[in-house]
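Thanks for asking me to look this one over.

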Amino acid sequence: MGTTWRSPGWVRFALCLAGVVLSLYALHVVAARARDWDYRALCDVGTAISCSRVFSSRWGQGFGLVEPMLGADSVLNQSNSVFGCIFYSLQLLLGCLRGRWASVLLVLSSLVSLAGSLYLAWILFFVLYDFCIVCITTYAINVGLMWLSLREIQEPQGKAKLH
C-alpha cells in the first residue's frame, strides 16, 4: 500500500505547534541577547532560572558538539532552536503521512530527539547548574511526541486515529 495524506491528529498538531513556537522564541532570545547583553527574556526568572544564559552558552549552538568537531564556520553550527524548528516541522509532516515508513521515521526521529533531550538536560542541570523553563518544556514535548509515535506504530495501518 502506498503513502497517503491524513490528519496528524490534534495532539501531534498541538505538540508540534508548541515546539515550533518555543523554538522560534528561543531564536528571538538568542538574537536579542546578541544585540544587547543586558537583555532580560520573559523566561529569565532569576540567577539559577535563566533561559537566555542557557541559550547563549556554548551548548546552545550545535549542541556544543559541532564547533569542536567541525569548526565554528560549519553550516551545521546553528542554534539548537533551528534544529528544533526542523524537527517539529518534520514530525508534523510525517504525522500527516499514512505509511509504515513514515511511522518508522517518526519513531526514529523521536528517539534522536529524546537522546538530545537527555544530553541537554544533563548539561543544563550538572554543567550549567541552571533551570530553563523553555528547555524543560521542549523535553516534555519530545516525550509526548515519542509516546504518540510509539502508539501509532503499534496500531494497525487501517485504523482511524482518535487523537
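1. Let me begin with a question: does glutamine 91 count as buried or exposed? Its relative accessibility is 0%, and buried means under 20%, so glutamine 91 counts as buried. Please keep in mind throughout that this is a predicted model.

2. Where does glutamine 91 sit, and what does its side chain reach? Glutamine 91 belongs to helix α4, which covers residues 80-95. Its side chain makes a polar contact of 2.8 Å with the side chain of serine 109. The side chain of glutamine 91 also reaches the backbone oxygen of leucine 106, at 3.4 Å. Leaving aside residues up to four places away in sequence, glutamine 91 touches Arg12, Cys16, Leu106, Ser109, Ser110, Leu145 and Ser149.

3. One of those partners, serine 149, is worth a look of its own. Serine 149 lies in helix α6, and a relative accessible area of 1% makes this serine buried too. With residues up to four places away in sequence again left out, serine 149 touches Arg12, Gln91, Leu106, Val107 and Ser110.

4. Now a step back to the whole chain. The secondary structure comprises six helices and two strands, and along the sequence they follow the pattern β-α-α-α-α-β-α-α. Of the 163 residues in the chain, 44% are buried. The C-alpha trace spans about 55 × 35 × 25 Å along its principal axes. If you take the contacts between residues at least 6 apart in sequence, 66% of them join residues at least 24 apart.

5. Next come the helix pairs, starting with α1 and α4. A word on how to read them: two packed helices are described by the angle between their axes and the distance between the axes. The axes of α1 (residues 10-35) and α4 come within 8 Å and cross at roughly 165°. Since angles over 145 degrees count as roughly antiparallel, that is how α1 runs relative to α4. The crossing of α1 past α4 is left-handed. On the α1 side the contact includes Arg12, Phe13 and Cys16, and on the α4 side it includes Tyr88, Gln91 and Leu92. Sorted by type, the residues of this contact are 10 nonpolar, seven polar and one charged.

6. How do α4 and α6 pack? Their axes are 12 Å apart, at an angle of about 25°. An angle under 35 degrees counts as roughly parallel, so α4 is roughly parallel to α6. This crossing is left-handed. From α4, the residues Phe87, Tyr88 and Gln91 meet Thr138, Ile141, Asn142, Leu145 and Ser149 of α6. The residues of this contact divide into four nonpolar, four polar and no charged. Here you meet glutamine 91 and serine 149 again, as members of the contact between the two helices.

7. Helix α5 covers residues 100-126 and helix α6 covers residues 133-154; their axes come within 9 Å and cross at roughly 155°. The two are therefore roughly antiparallel to each other. As α5 passes α6, the crossing is left-handed. The contact of α5 with α6 has 17 nonpolar, six polar and two charged residues.

8. Alanine 115 is found in α5 and is partly exposed, with a relative accessible area of 47%. The C-alpha atoms of alanine 115 and asparagine 142 are separated by 10.0 Å, and the two residues are 27 residues apart along the chain.

9. Finally, which backbone angles might you look at? Phi of phenylalanine 63 is near 60°, a positive value in a residue other than glycine. Phenylalanine 63 is in the loop between α2 (51-55) and α3 (66-70), and its 25% relative accessibility counts as partly exposed. Tyrosine 129 also has a positive phi for a residue other than glycine, near 50°. Tyrosine 129 is placed in the loop between α5 and α6, and at 60% relative accessibility this tyrosine counts as exposed.

Conventions. Residues are numbered from 1 along each chain as its sequence is written. This is a predicted model: local features need pLDDT of at least 70, side-chain atom pairs count only at pLDDT 80 or more; totals for chains, interfaces and linings use all residues. Side-chain values use heavy atoms; hydrogens and water are left out. Helices (H or I, at least four residues) and strands (E, at least two) are DSSP runs, numbered from the N terminus. Buried means under 20% relative accessible area, exposed over 50%, partly exposed in between (1.4 Å probe, protein chains only). A polar contact is a pair of N or O atoms within 3.5 Å; within protein, one must be able to donate a hydrogen and the other to accept it, and residues adjacent in sequence count only if both atoms are side-chain atoms. Contact means heavy atoms within 4.5 Å. Axes are lines fitted to C-alpha atoms, for helices over the stretch in contact, and angles run from 0 to 180 degrees between N-to-C directions. Angles under 35 degrees count as roughly parallel, over 145 as roughly antiparallel, 65 to 115 as roughly perpendicular and the rest as oblique. A crossing is left-handed if the near helix is turned anticlockwise from the far one by less than a right angle, and right-handed if clockwise. Ala, Val, Leu, Ile, Met, Phe, Trp, Tyr, Cys and Pro count as nonpolar, Asp, Glu, Lys and Arg as charged, and the others, Gly among them, as polar.
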